[in-house]
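I opened this one to see how the chain folds and where the inside sits. Here are my notes, in the order I looked things up.

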Amino acid sequence: MRSVRHALCAAAVAAVALGGVTAFTGLGDAAPQPVGAADPETHEVAAVAVRSTVTPRTTRARPRPTATTPRPPAPATQILARVNAERAKAGCKAVVLDPRLTAAAAGHAQDMATNNYFSHTSRDGRTFVDRIKAQGYPVPRSENIAAGQPTVTAVMDAWMASAGHRANILDCSAVAMGAASANGGSYGIYWVQDFGR
């Protein structure tokens with residue numbers, strides 16, 4: 001079994017005098033470390049377009065539905081379930097999955113995987129606050145990132161074992177969350193979790 005080096009970094013936003021915000025990085029940024037072949041599974045959050053048409057009623061028999069294998073929930077939905085279970089244990093209200101926060105998380109995860117870096121700051125200098133606001137979410141709260149964990153369970157276990165990440169997840173002032181992952185780069189997979197107030 002190959003060794004996977006895990007990298008974690010947490011950032012939280014706190015209000016300061018005159019209503020400004022500042023970010024702190026908790027554990028700091030880490031340089032990528034190679035992990036070997038990327039996980040072949042796709043862990044991206046994907047949007048699905050659905051086209052609906054109306055057919056006139058006829059007396060013809062309708063085809064019977066065929067049995068299909070249900071697809072597993074997207075990583076964002078799986079992460080949300082685990083986050084809300086942890087928040088409930090801590091006495092916090094559940095957060096909801098917000099598509100704007102998920103879009104910000106997905107964009108950053110893909111950017112890190114494509115450009116092979118690991119940081120809360122994008123290569124173009126944007127912070128998680130900038131990325132979240134660019135997606136139309138008005139009040140960013142915090143961000144967790146990770147790299148190298150092959151599954152939702154592994155990344156959530158790593159985040160919950162880290163004081164800074166755990167604090168972001170259990171911050172009762174958060175009301176919404178977005179999460180995504182992307183394959184690529186030195187770590188093979190990159191995870192991003194964004195919270196908003």
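**Entry 1: an asparagine in a loop.** I began with N116, which I found in the loop between α2 (99-115) and α3 (128-134); helices here are DSSP runs of H or I with at least four residues, strands are runs of E with at least two, and both are numbered from the N terminus. N116 has a positive phi of about 55° although it is not a glycine. Most residues other than glycine have a negative phi. I also looked up its cover: N116 is partly exposed, with a relative accessible area of 33%. My cut-offs are under 20% relative accessible area for buried, over 50% for exposed and partly exposed in between, with a 1.4 Å probe and protein chains only.

**Entry 2: ground rules.** This is a predicted model, so I note that local features need pLDDT of at least 70, side-chain atom pairs count only at pLDDT 80 or more, and totals for chains, interfaces and linings use all residues. Residues are numbered from 1 along each chain as its sequence is written, and side-chain values use heavy atoms, with hydrogens and water left out.

**Entry 3: the overall fold.** I counted five helices and six strands in the protein chain. From the N terminus their order is β-β-α-β-α-α-β-α-α-β-β. The chain has 197 residues, and 41% of them count as buried. Contact means heavy atoms within 4.5 Å; among contacts between residues at least 6 apart in sequence, 71% join residues at least 24 apart. The chain exposes about 10,900 Å², of which carbon and sulfur atoms supply 56% (Shrake-Rupley method, 1.4 Å probe; for residues, only the protein chains shown count as cover).

**Entry 4: α1.** Does the length of this helix agree with its residue count, or disagree? The 15 residues of α1 should span 21 Å at 1.5 Å a residue, and its end C-alpha atoms are 21 Å apart, which agrees; the expected span is 1.5 Å times one less than the number of residues. Buried residues in α1 include I79, L80 and V83. Seen down the axis, the buried residues of α1 fall within an arc of 160°, so they line one face of the helix; the arc is that of the directions from the helix axis to the C-beta atoms. The face turned away from them carries the exposed A81, A88 and K89. On the buried side, α1 packs against β3, α4, α5, β5 and β6. After α1 comes G91, with a positive phi near 85°.

**Entry 5: the cores.** A nonpolar core is a set of buried Ala, Val, Leu, Ile, Met, Phe, Trp, Tyr and Cys residues joined through side-chain atoms within 4.5 Å. The largest has 19 residues, and I79, V83, M156 and W159 are among those with the most contacts inside it. At least two residues of this core come from each of α1 (75-89), α4 (152-160), β5 (176-184) and β6 (188-196). α4 gives the most, with five residues. A second, separate core of 13 residues includes I145, A147, A180 and A182.

**Entry 6: the disulfide.** Which cysteines form a disulfide? C92 and C172 do, with their sulfur atoms 1.9 Å apart; the cut-off is a pair of cysteine sulfur atoms within 2.5 Å. The link of C92 and C172 is left-handed, with -70° about the S-S bond. C92 lies in the loop between α1 and β3 (96-97) and C172 in the loop between α5 (163-169) and β5, so the pair ties together parts 80 residues apart in sequence. C92 counts as buried at 7% relative accessibility, while C172 counts as partly exposed at 46%.
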